[in-house]
Amino acid sequence: MTSLPKCPKCGSEYTYNDGTQYICPECAHEWPQDAQSETGDDNRVIKDANGNELQDGDTVTVIKDLKVKGSSLVVKVGTKVRNIRLVDGDHDIDCKIDGIGAMKLKSEFVKKV
């Protein structure tokens, strides 16, 4: 049995899930299942294009040509990126690519090696 999170609004432990939402029957508060808990726990899970969980220090491969904004450079398919760092935000991978430099990537455009 999986344990459901307590309601972030009233603290009730009688929450239930309905599709992609958690619902509290006591205060009628609804919140998305992929939202981080408000207790400050670091429960974020970042997955690559194939659904594999990524962690700091992993090596990934780019699966699509990516244009570098503000430059004529392109990160080609198959480029290996070593020692990634996971960060919060829209672009959730911070890395350094040989020949290009420091970049931020979206996890949907990489796969774990």
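The chain has a mean pLDDT of 87, and 90% of its residues reach 70 or more; pLDDT is the predictor's confidence in each residue, from 0 to 100. The structure is a predicted model, in which local features need a pLDDT of at least 70 and side-chain atom pairs count only at pLDDT 80 or more, while totals for chains, interfaces and linings use all residues. Residues are numbered from 1 along each chain as its sequence is written, and side-chain values use heavy atoms, with hydrogens and water left out. Over residues 36-41 the pLDDT is below 50. Beyond near neighbours in sequence, this stretch has five contacts in the model, a contact being heavy atoms within 4.5 Å. Where pLDDT is low, the predicted coordinates should not be read in detail.

Strands are described first. Helices (H or I, at least four residues) and strands (E, at least two) are DSSP runs, numbered from the N terminus, and two strands pair if DSSP finds at least two bridges between them. An open sheet is formed by three strands in the order β7-β4-β11, with antiparallel pairing. β7 (80-81) and β11 (110-112) stand at the edges with a single partner strand each, so one side of each is left without a neighbour in the sheet. Strand β4 (residues 60-62) is joined to β11 by three bridges, and Thr-61 has Lys-111 of β11 as its bridge partner.

Strand β8 (residues 85-86) is joined to β9 by two bridges, with Leu-86 opposite Ile-93 in β9. These two strands form a hairpin with six residues between them, and Gly-89 in the turn has a positive phi of about 125°. Five bridges join β9 to strand β10 (residues 101-105), and the two run antiparallel; Cys-95 stands opposite Met-103 in β10. The hairpin of β9 and β10 has three residues between the strands, and Gly-99 takes a positive phi near 85° there.

Accessibility was classed by relative accessible area: buried means under 20%, exposed over 50%, and partly exposed in between (1.4 Å probe, protein chains only). Strand β9 (residues 93-97) is largely enclosed by the rest of the structure, because four of its five residues are buried. Ala-102, in strand β10, counts as exposed at 71% relative accessibility. Not counting residues up to four places away in sequence, Ala-102 touches Cys-95 and Lys-96.

A nonpolar core is a set of buried Ala, Val, Leu, Ile, Met, Phe, Trp, Tyr and Cys residues joined through side-chain atoms within 4.5 Å. The largest such core has 16 residues, and those with the most contacts inside it are Val-81, Ile-93, Cys-95 and Leu-105. At least two residues of this core are supplied by each of β4, β9 and β10, and β9 gives the largest share, three residues. Leaving aside its neighbours within four places in sequence, Val-81 is in contact with Asp-58, Thr-59, Val-60, Val-62, Cys-95, Lys-96, Ile-97 and Leu-105.

Zero disulfides are found in a search of the whole structure, a disulfide being a pair of cysteine sulfur atoms within 2.5 Å. Cys-7 is in no disulfide, and the nearest cysteine sulfur, that of Cys-27, is 3.7 Å away. Cys-7 counts as buried at 3% relative accessibility. Cys-24 is likewise in no disulfide, with the nearest cysteine sulfur, that of Cys-10, 3.6 Å away. The relative accessible area of Cys-24 is 1%, so Cys-24 is buried.

Several loop residues were also examined. Ala-28 lies in the loop between β2 (21-23) and β3 (30-32) and has a positive phi of about 65° although it is not a glycine. At 58% relative accessibility, Ala-28 counts as exposed. Asn-83, in the loop between β7 and β8, is not a glycine but has a positive phi of about 55°; Asn-83 is exposed, with a relative accessible area of 51%. Ala-49 is found in the loop between β3 and β4 and is partly exposed, with a relative accessible area of 39%. Ala-49 and Ser-107 are 58 residues apart in sequence and 6.8 Å apart in space, C-alpha to C-alpha. Leaving aside its neighbours within four places in sequence, Ala-49 is in contact with Ile-63, Ser-107, Glu-108 and Val-110.
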